[in-house]
Each structure stands twice: as C-alpha cells, then as structure tokens.
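Hello,

Here is the structure you will be working with. Please open it first, then read my notes below.

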Amino acid sequence: MAYCNPITGIPAGCDDNNLGAIKRALIGSFEDVSAITVNTVAPNIGKVTAVTKGVGKKFEEFVFKKDTSSFSEEAVIDLVADTHGWKQTVELGFRRFDLVKRNAIMLLAESRRDLIIVVEDFNRDYWMIGSDQGARLSADSSTSNNTRAGGQITTLTFTADYERYKFYKVDPTVAQGLLT
C-alpha cells in the first residue's frame, strides 16, 4: 500500500511522472550578473524571482536532443573542518560536429570563464547552477564513434565546486528574461 501523505514535509509525489535529462540550457557569464534575488519565504524558499544583468548582456540558449544531457549535485562535507558545500555538475551533449559549435565551445573555455547555467528539465522546471561562484568548463570530450550509427558527439562538462547553496529553482518568466 502506498502512502501519499508526507511525514516530514517532503511531498510523497504519488503518481507523479518524474522525467530526467535536460531539455535546454541557458548559459551566461558570471560577471554579467550583478544580483540574484532568491525567495526566503515559505513555501517558495530557494526560488529565484529576479536576475539583474548588465545592460545589453544576455544568456545564450542551447537546445538538446532528448536523453543527451544531465545535471547533478552532491554534498561535499568535511567532518573535521565542520564545513559543507555543494558540487554541481552539468553535462551537455551536442550531436554532430560543426564550426559554430566548435567556436562556441572555444568561447566557453576561454580564460577559464566563470558561468551561470540555468537548465530546463523535462519536468518543465528550471534550475540554476553556479549561482554563488560560477561554473567552469571542466571537461570536453568529442568522438566520431567507430560506427556510422553511433554518430558524432561532443560532451561538455561544467562544474561549480563548493557552492554554498543547493540548486536554486528559477521562475520560468525569469529564465525566459535571461535571453533578452
């Protein structure tokens, strides 16, 4: 028998369709963002309600084929030092090599650039990675594969090390506003 009432305040999610992967990513320069407003009142604690960008600055949108990209987060805890933080990782899978993608990757890697990444998952939720210190390109792997059916793929990995906060959820209208 399934219980649908939460015991600890965490919703049980009975019959909730939970989809993984990333539908798209919005990527902007950390230095172009001057403020992130986060709700501190229940029930929306941890939800981004505004992002202030420099004049003329915008995020770039990357759309992905389904089941090619993901994001994750894990606690980084030092019991001796009594500290903790969050390691946030985004893996973006691009299909087929081309010059535009190559040049975009070169710009993302330039000067160990700090980035803020907002991902949209297939549950139609938006999540912010690198809000505290920024995320950096930490790996770039490309292959032509050894079969024609395998296709070409480039996987970019971005890492935000020791963030002070877990992923922030982003209001959909705020996410859309990052593109203008």
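Buried means under 20% relative accessible area, exposed over 50%, and partly exposed in between (1.4 Å probe, protein chains only). This is a predicted model: local features need pLDDT of at least 70, side-chain atom pairs count only at pLDDT 80 or more, and totals for chains, interfaces and linings use all residues. Residues are numbered from 1 along each chain as its sequence is written, and side-chain values use heavy atoms, with hydrogens and water left out.

Salt bridges come next. Side chains of opposite charge can pair when their charged atoms come close. The cut-off: a side-chain nitrogen of Lys or Arg within 4 Å of a carboxyl oxygen of Asp or Glu. The count is 9.

- Asp98 pairs with Lys101, with the closest N and O atoms 3.7 Å apart. Lys101 is partly exposed at 25%. Asp98 is also partly exposed, at 35%.
- Arg24 meets Glu61 at 2.3 Å, N to O. Arg24 is buried at 9%, whereas Glu61 is partly exposed at 38%.
- Arg164 bridges to Asp132, with the closest N and O atoms 2.8 Å apart. Arg164 is exposed at 53%, but Asp132 is buried at 19%.

Shared partners join Lys23, Arg24, Glu61 and Glu120 into one network.

Now the inside. A nonpolar core is a set of buried Ala, Val, Leu, Ile, Met, Phe, Trp, Tyr and Cys residues joined through side-chain atoms within 4.5 Å. The largest has 20 residues. Ile27, Val90, Leu92, Ile117, Ile129 and Phe158 touch the most other members. A second, separate core has 15 residues, including Val33 and Tyr126.

Best wishes
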